[in-house]
Amino acid sequence: MEMNSYGETDPLAASVMEREEPAAQGEADSQPMYRIERPVYDEAFIRSQLLHRKKTSTTLRQRQAHWFRCSSKKAKAAAFSFLPILTWLPSYPVKQYLFSDVVSGLSTGVVQLPQGLAYAMLAAVPPVYGLYSSFYPVLLYTFFGTSRHVSVGTFAVISLMIGAIVVREAPDAMFYVPSANGTNGTNATAVLDVEARDLKRVQVAVVLTTLVGIIQFVFGLLRFGFVAIYLTEPLVRGFTTAAAVHVVVSQLKYLLGVKTQRFSGPLTVIYSLKAVGSHITNTNVSTVMLGLACIVFLYVCKDLNERFKKKLPIPIPGEIIVVIATTSLSYGMSLSHDYQMDVVGKIPTGLLPPVTPEFSLLPNLITDSIAVAIVGFSMGISLAKTFALKHGYSVDSNQELIALGLCNFLSSFFQTFAITCSMSRSLVQESTGGKTQIAGLLGSLVVLLVVVAIGFVFQPLPQTALAAIIMVNLLGMFKQFRDIPALWRTSKIELAIWLVAFVASVLLGLDYGLLVAVAFAILTVIYRTQSPKSAILGRVAGTGLYCDVDEYEEATEYEGIKIFHSNSSIYFANSDLYVYTLKEKTGVDPEALQAARDAQKKRTEKANGNRNPSLNMCGKNEQQEVTHEVLSYDIVPEGPSDEAIFLEPSLTAVHSVILDWTPATFIDSVGAKAIKQVIKEYADVDVQVVIAGCSRCLLNELDSLQFFSGVVTPEMVFPTVHDAVLRCRRKSAACS
């Protein structure tokens, strides 16, 4: 094997050898050996000798014909994709799964019933509409959903977002009418027309749900399932924690039994707390006592369920126990009449016929519907992926969008409000042994039984009991405050995202808060690309590895070569910073060198006077050899260092700069122009710049940007840093 004077394999060697030496018996700690000997490759050689693009014989028309061609196989695949139930229902193992699904379905239905009633209060609609929303969407998801364990239906965060929109579009102030007790309209007091208000609010909620369903369905057809990635986990957790704060504040008036206005928009939390505080003297003691008793009981039930979840066959149904007990107590003691305790009120029996939504309300709801659609999908897909990972199956994010879209759109014609997956009910459905969405279907039938047959039984249910159910179900979200110290230790940027999402959502409301949080999360991505970690690399002897010379003592630089590494792509937002950092890290500033060269030339001309001797500073031939022709002078230079400067063949010891583009994934036209300009500037001061570690995708982008023209050629691009180092050292040796 031929070695050059630098101890490296001769780059002109044409043989390639790869050998892996197995570990000897008895030497468990020995490592396999990887050795390779090959010529130094540059991009021009790779394109001409090593890699050749495959020739595609298909035309655009042929590809379109293949895409739109219909066959029985494609029709079957499309049917299975659109109706996932067809993939598992025909082979449903009745003996193994049915009993578990029945138990899980009944347990989930028992939880879904009180939550449907409670979350309707958050959505600012009568409680029975929460029951409708707990039946129709669950039934539809059984056919269109891909997750086996999530429980769809009402959810606190979505219900609260809907309630804020509904109250904004139909505030109480719109429905005050003069009291009939006034005389000829004089001294008449205004009273709230609750029936008209509730009717209008239901119309707003239904139209919003229709639009949310359309958006989700269209996003699913367009394969926009990836939009959920823009709601990062810290953002979602900060946002849902803020939503929990909103929910608890909104339920204080029901827990205390005071009458206050419901607010919407920015600073809702502050206004609501101020309103409750101003009416604190009107607190209904009976309401508070009953509500606190419900909270304590529900908390104990949840704690027991968590501690003994492996021993309990099914979780203790604390919510339904509270509903039954408080309803019985309210009916037996006439709490509404004798103690002025607010109750659920009239619950009509039976299902409503389908009606067309009031589409005239659409223009004011477009922006809100996008926020609700994205948040609902993000909640659903995160839960679905969690359970799929745990139980070893996969979910299709695009089909989940379609499923949620159909659930919302079709159900809205039956007077429902927007739904998504509920964390608490999904945990119940999974922990009680649910295997498929048969469990969800049976849970919806439990709700249907109540709506059709015994809904009137829950009319005396105190609202303070529903407020207690809502508050206790949010304990899991408040535990997310534990994220703050953990994120402080791991990632300050993600902590900032969490805090911005929380503070913005609490102060500005969930809609504007979500917008601010997403914008801030995107800004953090831009910040990371604009402030990447940069380093000068050196070689770790005997390994072929190149590492940061400031961080690792084993890494040493080659003389005259600077290897610049920046952990980002190059585009319009960071191209100037990339060039600035390159000059700063390498210590080679072409402008300063050019200015020094011009100053040196002027001093030389001044020293020479009018003699004009012939001079070659550093003329390079094709082999990059350097020659110097210096004449002797009779005069003595003015400065002691002028002659030394004049005799220097170069103003810098660096002859080559290698740009390590291994981390780069893309480059735009602005970045390409900036790199070409800096290559030209360095070339003007006799410092060559080469590029190493480009991916093939990045090279394709450079070709499309016509990067390889003028001063930049494919011979300046190398597949690895070591290829570039060997070529630069060879050229330096030839020049010297």
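**Charges and rings in a predicted model**

Mentor: Glu43, Arg47, Arg696 and Asp703 are joined in a network of salt bridges. Keep in mind that this is a predicted model.

Trainee: How many salt bridges turn up in the whole structure?

Mentor: The search finds 21 salt bridges.

Trainee: Back to Glu43 and Arg47. How far apart are their closest N and O atoms?

Mentor: They are 2.7 Å apart. Both residues lie in helix H1, residues 43-50. They sit four residues apart, about one turn of the helix.

Trainee: Is Glu43 buried or exposed?

Mentor: Glu43 counts as buried, because its relative accessibility is 3% and the cut-off is under 20%. Arg47 is partly exposed, at 31%.

Trainee: Which residue does Arg168 bridge to?

Mentor: Arg168 forms a salt bridge with Asp368, with the closest N and O atoms 2.6 Å apart. Arg168 is in helix H8 (residues 156-169) and Asp368 is in helix H15 (residues 366-391), so the pair ties together parts that are 200 residues apart in sequence.

Trainee: And how accessible are those two?

Mentor: Arg168 is partly exposed, at 36%. Asp368 is buried, at 8%.

Trainee: What about Glu551 and Lys533?

Mentor: Their side chains meet in a salt bridge, 3.3 Å from N to O. Glu551 is in the loop between strand E8 (545-548) and strand E9 (555-556). Lys533 is in the loop between helix H23 (510-530) and strand E7 (534-540). They are 18 residues apart. Glu551 is partly exposed at 45%, and Lys533 is exposed at 56%.

Trainee: New topic, rings. What's the count of aromatic pairs?

Mentor: It comes to 19 aromatic pairs. Take Phe478 and Phe481: their ring centres are 6.4 Å apart and their planes are at 15 degrees, so the pair is stacked. Phe478 is partly exposed, at 26%. Phe481 is partly exposed too, at 32%.

Trainee: Why is the Phe564 and Tyr578 pair called edge-to-face?

Mentor: Because their planes are at 80 degrees, and over 60 counts as edge-to-face. The ring centres are 5.3 Å apart. Phe564 lies in strand E10 (residues 561-566) and Tyr578 in helix H24 (residues 575-586), so the pair ties together parts that are 14 residues apart in sequence. Phe564 and Tyr578 are both buried.

Trainee: Last one. Where does the charged end of Arg148 sit?

Mentor: Over the ring of Tyr393, 4.3 Å from its centre. Lys492 lies over the face of Trp488, at 4.6 Å from the ring centre.

Definitions and conventions:
Residues numbered from 1 in each chain as written. Predicted model: local features only at pLDDT ≥ 70, side-chain atom pairs only at ≥ 80, totals over all residues. Heavy atoms only, no water. Salt bridge = Lys/Arg side-chain N within 4 Å of Asp/Glu carboxyl O. Helix = DSSP H or I, 4+ residues; strand = E, 2+ residues; numbered from the N terminus. Buried < 20%, exposed > 50% of the residue type's maximum accessible area, 1.4 Å probe, protein only. Phe/Tyr/Trp six-rings, centres within 6.5 Å; stacked < 30°, edge-to-face > 60°. Lys NZ or Arg CZ within 6 Å of the ring centre and 35° of its normal.
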